Amino acid sequence: MAQGLVLEALCGSADDVFDAAAAGADRVELCSSLGAGGLSPSPGTVKAASKAGLPIMAMLRPRPASFCYGAREFEVMAEDAQSLLGAGATGLVFGILTESGRIDLARSARLMALAPGAEWVFHRAFDLVPDPFKALEELIDLGIRRVLTKGQANTFEEGEALLLELRDRA
């Protein structure tokens, strides 16, 4: 593999993580319900998957649909964050938006404060923000080092111009 490149495999089960490890993946993003866009895996799944020896980025998403969460859903996310990290996840993949579609900075910061040593990745909720350049700067200010995006498009090819511009700004 080229120097500096990291192969991250999307996995939907502990078995998938073992398969990814055997195939040479460097780390995994572990979700449940891939057909629903990926939801939080169970702590048991993370614990079993961690035996494969790969860093695990666990999805932190309590339900499908929008990325604007009520108070109880946010409470679930906070509890899940601690459980997933306690079960062996090395980081969490999340995205929280306000009703106006902007990054929910306050809630994102509150979640991240629960585990300052973990790696935090902002997921494709980023593709819904009205101003991706402002959102990118806000995420950088929060300490986010990775963003999952298709450049606010349906495919990477359609979003390529924005992806390149975001990369250059980051």
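**Close-up views of a predicted model**

Residues are numbered from 1 along each chain as its sequence is written, and side-chain values use heavy atoms, leaving out hydrogens and water.

**View 1. Helix 1 meets helix 2.** Here helix 1 (residues 14-22) packs against helix 2 (residues 43-50) at about 25°, and their axes, lines fitted to C-alpha atoms over the stretch in contact, lie 8 Å apart. That angle makes the two helices roughly parallel (under 35 degrees). Look for Ala14, Val17 and Phe18 of helix 1 in contact (heavy atoms within 4.5 Å) with Thr45, Ala48 and Ala49 of helix 2. Of the residues in this contact, five are nonpolar, one is polar and none is charged.

**View 2. Strand 1 beside strand 2.** Strand 1 (residues 8-11) and strand 2 (residues 27-30) run parallel, joined by four bridges. Glu8 has Arg27 in strand 2 as its bridge partner.

**View 3. Helix 3 meets helix 4.** Helix 3 (residues 71-86) and helix 4 (residues 105-113) pack at an angle of about 25°, with axes 9 Å apart. These two helices are therefore roughly parallel as well, and their crossing is right-handed. Ala71, Phe74, Met77, Ala78 and Ala81 of helix 3 touch Arg107, Arg110 and Leu111 of helix 4. This contact has six nonpolar residues, no polar ones and two charged.

Note on methods
Predicted model: local features only at pLDDT ≥ 70, side-chain atom pairs only at ≥ 80, totals over all residues. Axes fitted to C-alpha atoms, helices over the stretch in contact; angles between N-to-C directions. Parallel < 35°, antiparallel > 145°, perpendicular 65-115°, else oblique. Nonpolar A, V, L, I, M, F, W, Y, C, P; charged D, E, K, R; others polar. Pairing = 2+ DSSP bridges. Left-handed = near helix turned anticlockwise from the far one by under 90°.
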